[in-house]
Amino acid sequence: MLATALPLPLTATRPAWLAVALADLDAVHQDHLHCERKAAQSALSLVRSYPDRAELVLAVARLAHEETAHVVQVSQLLGRRGVDATLDHGDEYAAALRELCRRREPERLLDRLLVFALIEARSAERLALLAGAIPDPATAALYKALAAAEVRHRDTFLELAEQAAPATWRERLAELARAEAAIVDALPVRPRIH
Ligand SMILES: [Fe+2]
Ligand SMILES: [Fe+2]
């Protein structure tokens, strides 16, 4: 558990995003499939980099397992809608955030954990927006459940960040959250999760 409750300072998504997303939900779901896949892969990349941190390995391996289950759920959703999955269109959002990660350890570990926490937080925010607006009840329920899972993942990464750098993680989180807000603001509004 986090030593003290932390309201992660996330800016609100522009209202225009939800309207654009609802106008092309198939494109959103196609992008979402890859978001879940990349979340699993990113979590497992921490196992590759920090195999000696047993607590971290366990936490992120479990998280990757959940993300893989989300890939299954989004794949099934596409199937129910009769929509084929597409290739990954890339993710300038995540790429820009990764650029902010410092190269040297131990700062690199802290930055990766905080960037993953921010991506989980932004994903949770947008999945919850979709859950509240998608007309089909089954799909809305799926998005509500996925949003709750991403909130838990956000907190997992924040807890790991606190453990990795108890003295500096909050200050760095605030810096990265400001950068995340600028990145989101600069991106075009389109039917994707980010
Ligand atoms: Fe997920
Ligand atoms: Fe997640």
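Okay, let's start with Tyr50. If you skip neighbours within four places in sequence, Tyr50 is in contact with Leu56, Val57, Glu105, Arg108, Leu109 and Arg112. Contact here means heavy atoms within 4.5 Å.

Before I go on, the ground rules. This is a predicted model, where local features need pLDDT of at least 70 and side-chain atom pairs count only at pLDDT 80 or more, while totals for chains, interfaces and linings use all residues. Residues are numbered from 1 along each chain as its sequence is written, chains are lettered from A and ligands numbered from 1 in the order in which they are written, and side-chain values use heavy atoms, with hydrogens and water left out.

Back to Tyr50. It sits in the loop between α2 (25-49) and α3. Buried or exposed, this Tyr50? Tyr50 counts as buried because its relative accessibility is 7%; buried is under 20% relative accessible area, exposed is over 50%, and partly exposed is in between, with a 1.4 Å probe and protein chains only.

Another Tyr50 contact, Glu105, takes part in a cis peptide bond with Pro106, omega about 5°. Pro106 is in the loop between α4 (92-99) and α5 (107-131).

Now the overall fold. How many helices and strands do we have? Seven helices and zero strands, which reads α-α-α-α-α-α-α along the sequence. These are DSSP runs numbered from the N terminus: helices are H or I with at least four residues, strands are E with at least two.

On dimensions, the C-alpha atoms fill a box of roughly 45 × 30 × 30 Å along the principal axes. The radius of gyration is 16 Å, which agrees with the value near 16 Å for a compact globule of 194 residues. Of the 194 residues, 47% count as buried. If you take contacts with a separation of 6 or more, 85% of them come from residues 24 or more positions apart.

For the surface, the chain exposes about 9600 Å², with 58% of it supplied by carbon and sulfur atoms; areas are Shrake-Rupley with a 1.4 Å probe, and for residues only the protein chains shown count as cover. There are 24 positive and 27 negative side chains, and the centres of the two sets lie 2 Å apart. Lys and Arg count as positive, Asp and Glu as negative, with His and the chain ends not counted; the charge is placed at NZ of Lys, CZ of Arg, CG of Asp or CD of Glu.

Next, the metal. The iron ion (ligand 1) is 3.6 Å from the iron ion (ligand 2), and Glu67 coordinates both.

Glu150 and His153 are about one helical turn apart because they are three residues apart in helix α6 (residues 137-164), and both are buried. Glu150 also touches Ser123, which has His194 as another contact, not counting residues up to four places away in sequence. Ser123 lies in helix α5, and it counts as buried at 10% relative accessibility.

Outside four places in sequence, Leu160 touches Leu56, Ala59, Val60 and Leu113. Its C-alpha is 8.6 Å from that of Ala59, although they are 101 residues apart along the chain.

Leu78, in helix α3 (residues 54-81), is buried at 2%. Beyond its neighbours within four places, its contacts include Asp26, His29, Gln30 and Leu33.

Last one: Glu180, in helix α7 (residues 169-186). It counts as buried because its relative accessibility is 0%. Leaving aside neighbours within four places, Glu180 is in contact with Leu10, Tyr93, Leu97, Leu118 and Arg122.

Technical notes:
Donors = N, O, S within 2.8 Å, 3.2 Å for Na, K, Ca; no water. Rg over C-alpha atoms; globule rule 2.2 N^0.38 Å.
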